[in-house]
Structure formats: C-alpha cells, structure tokens
Amino acid sequence: MNYNKWLCKNTHSLKGKTVAVSGATGGIGKNLCDFLSMLGANLVCLDRNFQKSNKMIADLKVKYPNLSATHITVDLEDIDAVKKAATQLKELKIDYLILNAGAYKIPRHKCDSGYDNVFQINYVSPYYLARELYPKIKSRGGRVVAVSSIAHNYSKIDTNDIEFSNVVASSKVYGNAKRFLTFSLYGFFKNDETLSVVHPGITLTNITAHYPKFIFAIIKHPMKIIFMSPRKAALCIIYGIFNGAKTNEWIGPRLFNIWGIPKKRRLNSCDPCEAKQICEISDKIYNDITKETVTN
Ligand SMILES: NC(=O)c1ccc[n+]([C@@H]2O[C@H](COP(=O)([O-])OP(=O)(O)OC[C@H]3O[C@@H](n4cnc5c(N)ncnc54)[C@H](OP(=O)(O)O)[C@@H]3O)[C@@H](O)[C@H]2O)c1
C-alpha cells in the first residue's frame, strides 16, 4: 500500500497540534506515533513503561529530528495515576486524545478502585480521561479518538455484574469493557463529532499473541499473512483524528471490519435500552471516581 498517497488524500498537517496517545509503545501505537510524527504533530505518550516509551521517542527523533515528544507515565490500572495524568494533560493544551491502550488476556485481579483490571484498562480509565479532557479539547477544536474493537459485539452487558468479574473468558471481559467504552462515549458526546470511535481491524500485536507458545509458533506466520499489518491498522485511528463519528457510527477497515483502508459505517450492535443503561452506569462510575481524592 502507498501510505504517502493515502495520507496526502485523507489528512493534513498537524503542525502545532498536540496529540496525546495512550498505549504508544504497543504494536498499533508505535505505528500511529510514526504517522503522527510524519504529519508534524507534537506527541505526548501516555505509557506505563518509562524506558520503553523513552526508547520509542528516541527512535522517532532519529527519524524526525524536529519532533517534539514527551511522555507521562501512567498505569491505567492505577486510578490515582490516571487522575494525575488527566491534570497534567489539561495543562499541556492537548488537541487530540487517542485512547489506544488496551489489554486482553492478562492475569485478572481487582484494582485498588475495586474494578476488574481488564475492565479498568479498557474502559474505566479511558472513559474518565475522555470526560476530563473533553471541555478543553472541544474548545481547541480537537477530538477524542476511542479505540474500540469488534469484540464489543459479543458481550451484552449484565447489570448484575457490570465488570464481568464472574466471567472467566477474557474475550468476554474485554468485549464487555469495549462495549462500555463505545456506548458510554456515544451517550456522553451526544452526536458531537468531537468524538471518533474506531476499530483498527485485526492485526498481529501483543494483544493478539495470547495463544500457548506452541500454538502461537505455528499460527504466527499465517496470521501475519492473513491479517493486516499494525501499520495499516493504525490508519483507522489516523482517519478518526480527521473524521468525527456521530452516535452509532464508527470507523473501521472497509472489508468485514477486518481488512482494508478505513471507512465510516453505522453501528447497530446495541439497542437504545442497553445503551441508556451503559450511560447511567458510566455516569455513576465517573462521579464516584471524581468524588474520591487522589491519595498520593
Ligand atoms: N490488535 C488487534 O487485532 C486489535 C483488534 C481490535 C482492537 N484493538 C485495540 O487496539 C488497541 C491497541 O492494541 P494493540 O493491538 O496495539 O496491542 P498491544 O501491542 O498489546 O498494545 C497495547 C498497548 O496498551 C498498553 N497497556 C496495556 N495495559 C496497560 C496499562 N495497564 N496501563 C497503560 N498502558 C497499558 C501497552 O503497554 P506496554 O507496551 O507497556 O505493554 C501497549 O502500549 C487496543 O485498544 C486494542 O484493544 C486491537
């Protein structure tokens, strides 16, 4: 694929704009940061691993000597750290916030906040950041881009177990969290195209490399051939920066949400009653978090 040609046609310069990216050190995140640097954006990388983030920024600066990039260390499992990051981001005059970090098949436990860690990484923390940053981003004419997943479609919510803590399958907990993220944001942004929800398609990264070692050794190469590269997957997020999504619209690869260049499409995977429940629960979660003071 000719990336330069696609970028010329679908984007413009981001010179003077500041873009905060969570999960910048991940498979899709690194490629996204490369594109953003190419477009002249200033980067703020929201990563949990200081060394990894530093190395990624150093590598980018070799390729793009004029790049302005910094990072904020934040583990999305730690709600106090997320609150501090939100405060720092408000001071940094962020134009675009990319909620890209995610985790799938990781050991499960309760975070200090009381939420399941997969639920918190994929939904509670990014939702909180979106709400905190929204007024400033809106006033700057920027956008919040939430990275969702097709997996949201396989996990209808359970109001008796909102975080799916009684569910064993990681795929369901992850899908439930992405469902909350997607429909809580539609509810909060209410057709305001300051929001964009994207699905990057399926691509081989750490998040998809969760199989037992032996099986993964066999399927790794076919997966690389069958699915898109993380670089191509990152284009959906780039497209989301330049194109807002109204309620129940999202941006994903054009062929079955798995392959191809980005396209905006209608999302009919949640009925209004469930969407309303998600919004009510999300408001309560946000209010509970904002009420608690940062402890350290
Ligand atoms: N790959 C796919 O097929 C696919 C499909 C649908 C949706 N997505 C979504 O795309 C996004 C990017 O995923 P990816 O494929 O690039 O996966 P990845 O390579 O595993 O990257 C995930 C990123 O999230 C970060 N992260 C995980 N847990 C975190 C935590 N507790 N605190 C802070 N950061 C944390 C990781 O940090 P470290 O680098 O420190 O590990 C990494 O940078 C995710 O939201 C994912 O759900 C991916």
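This is a predicted model: local features need pLDDT of at least 70, side-chain atom pairs count only at pLDDT 80 or more; totals for chains, interfaces and linings use all residues.
**Ligand shell**

I started with the ligand and sorted its shell by class: 9 nonpolar, 14 polar and 5 charged residues. For the classes I took Ala, Val, Leu, Ile, Met, Phe, Trp, Tyr, Cys and Pro as nonpolar, Asp, Glu, Lys and Arg as charged, and the others, Gly among them, as polar. My numbering runs from 1 along each chain as its sequence is written.

Which residues come nearest to the ligand? Of the 28 around it, they are Gly23, Gly26, Gly102, Thr205 and Asn206. A residue is near a molecule or strand if its C-beta atom, placed from the backbone, lies within 6 Å of it. Helix α2 gives the largest share of the shell, 3 residues.

**Overall**

I get 9 helices and 8 strands for the protein. These are DSSP runs numbered from the N terminus, with helices being H or I of at least four residues and strands E of at least two. The C-alpha trace spans about 50 × 45 × 35 Å along its principal axes.

Buried residues come to 47% of the 296. Buried here means that 20 or more other C-beta atoms lie within 10 Å of the residue's own, exposed means 12 or fewer, and partly exposed is in between, with C-beta atoms placed from the backbone.

Next I followed β2 (residues 42–47), where 6 of 6 residues are buried. Asn42, Val44 and Leu46 point one way, Leu43, Cys45 and Asp47 the other. Side chains alternate between the two faces of the sheet in a regular strand.

β1 (residues 18–22) runs parallel to β2, joined by 5 bridges; I count strands as paired if DSSP finds at least two bridges between them. Ser22 stands opposite Leu46. From β1 the chain crosses through α2 (residues 27–38) to β2, a right-handed β-α-β crossover. Right-handed means that, with the strands pointing away from the viewer, the path from the first strand over the helix to the second runs clockwise.

On to β3 (residues 69–73): 5 bridges join β2 to β3, again in parallel. Leu46 has Ile72 as its bridge partner there. The chain gets from β2 to β3 through α3 (residues 50–63), and this crossover is right-handed.

I then checked β5 (143–147), with 5 of its 5 residues buried. Arg143, Val145 and Val147 point one way, and Val144 and Ala146 the other. β4 and β5 pair in the parallel sense over 4 bridges, and Tyr96 stands opposite Arg143. A right-handed β-α-β unit is made by β4, α5 (residues 117–139) and β5.

How many bridges pair β5 with β6? I find 4, in the parallel sense. Val144 has Leu195 as its partner in β6. The crossover from β5 through α6 to β6 is right-handed.

Ser148 sits in the loop between β5 and α6. Is Ser148 buried or exposed? With 26 other C-beta atoms within 10 Å, Ser148 is buried. Glu163 is 15 residues from Ser148 in sequence and 16 Å away in space, C-alpha to C-alpha.

**Positive phi**

I picked out two residues with positive phi. Lys93, not a glycine, has phi near 55° and lies in the loop between α4 (79–91) and β4 (96–99). Lys93 has 13 C-beta neighbours inside 10 Å, so it counts as partly exposed.

Asn191 has phi of about 70° and is no glycine either. Asn191 is in the loop between α6 (170–189) and β6 (195–198). Asn191 is exposed because it has 12 other C-beta atoms within 10 Å.

**Helix α8**

Last, I looked at α8 (residues 230–242). Its 13 residues reach 19 Å from first C-alpha to last, close to the 18 Å expected; the expected span is 1.5 Å times one less than the number of residues. Why do I call α8 largely enclosed by the rest of the structure? Because 11 of its 13 residues are buried, among them Pro230, Lys232, Cys236, Tyr239 and Gly240.
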